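Dear colleague,

I am passing on the structure we spoke about, and my notes follow it. Please read them with the model open beside you.

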Amino acid sequence: MMDKVLLAAIALGLSAAAPAHAQDAEVNYPEGSLGFAALMQADYEAAEAQLLKAEGVGRNDAARLINLGQVYAATGRHAEAEVLLKRAAKAKKEYLVLADGSVVDSRDAAKTALAQLEAKSQD
């Protein structure tokens, strides 16, 4: 049986520019609830506020955890980012749309973000 597909544009790997075909808003989520547009503009304050409010999104939603982890990583709060990304890596598997338009398993996306965080921490 195929797993449920939950589409959410998430901003993973913020160091790369989003290609022209990238999603420009959350998919199947209330607009702004995942802080996607703010993340893509590197407006971490706005993204964090949207993600903490996260109207209509569960507190343990993988897309929310990953994006909030990205905000924390980008603002130097690596320990907090690591906690959120580890939670997302253990959360129920969902399929997410990344900023580049690719669809990935949420747990794989969280593990990729963790690896990026670890690499950045070693620099």
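This is a predicted model: local features need pLDDT of at least 70, side-chain atom pairs count only at pLDDT 80 or more; totals for chains, interfaces and linings use all residues.

Where does alanine 99 lie? Alanine 99 sits in the loop between strand 2 and strand 3 (103–105), where helices (H or I, at least four residues) and strands (E, at least two) are DSSP runs numbered from the N terminus. At 7% relative accessibility, alanine 99 counts as buried, a word that here means under 20% relative accessible area, with exposed meaning over 50% and partly exposed in between (1.4 Å probe, protein chains only).

Residues are numbered from 1 along each chain as its sequence is written, and side-chain values use heavy atoms, with hydrogens and water left out.

The overall picture

The secondary structure of the protein chain comes to 5 helices and 3 strands, and these follow the pattern β-α-α-α-α-β-β-α when read along the sequence. Of the 123 residues of the chain, 43% count as buried. Among the contacts (heavy atoms within 4.5 Å) with a separation of 6 or more, 54% are between residues 24 or more positions apart.

Valine 71, leaving aside residues up to four places away in sequence, touches Leu39, Tyr44, Ala47, Glu48, Leu51 and Arg77.

How the helices pack

The axes of helix 3 and helix 4 come within 8 Å and cross at roughly 160 degrees, the axes being lines fitted to C-alpha atoms, for helices over the stretch in contact, with angles that run from 0 to 180 degrees between N-to-C directions. That makes helix 3 roughly antiparallel to helix 4, since angles over 145 degrees count as roughly antiparallel, under 35 as roughly parallel, 65 to 115 as roughly perpendicular and the rest as oblique. In this pair, Ala62, Leu65, Ile66, Leu68, Gly69, Tyr72 and Ala73 of helix 3 meet His78, Glu80, Ala81, Leu84, Leu85, Arg87 and Ala88 of helix 4. By class, the contact has 10 nonpolar, 2 polar and 2 charged residues, where Ala, Val, Leu, Ile, Met, Phe, Trp, Tyr, Cys and Pro count as nonpolar, Asp, Glu, Lys and Arg as charged, and the others, Gly among them, as polar.

Helix 4 and helix 5 also have axes that come within 8 Å, and here the crossing is at roughly 155 degrees, which makes helix 4 roughly antiparallel to helix 5. The residues of this contact divide into 8 nonpolar, 2 polar and 5 charged.

Helix 3 and helix 5, by contrast, pack at an angle of about 10 degrees with their axes 10 Å apart, and they are therefore roughly parallel to each other. Their contact is made by Ala62, Ile66, Gln70, Ala73 and Ala74 of helix 3 and by Ser106, Ala109, Ala110, Ala113, Gln116, Leu117 and Lys120 of helix 5.

Loop residues to look at

Most residues other than glycine have a negative phi. Alanine 42, in the loop between helix 1 and helix 2, has a positive phi of about 60 degrees although it is not a glycine, and at 43% relative accessibility it counts as partly exposed. Alanine 54, in the loop between helix 2 and helix 3, likewise has a positive phi, of about 40 degrees, but alanine 54 counts as buried at 3% relative accessibility.

Finally, lysine 92 is found in the loop between helix 4 and strand 2 and counts as exposed at 58% relative accessibility. Lysine 92 and asparagine 60 are 9.3 Å apart in space, C-alpha to C-alpha, and 32 residues apart in sequence.
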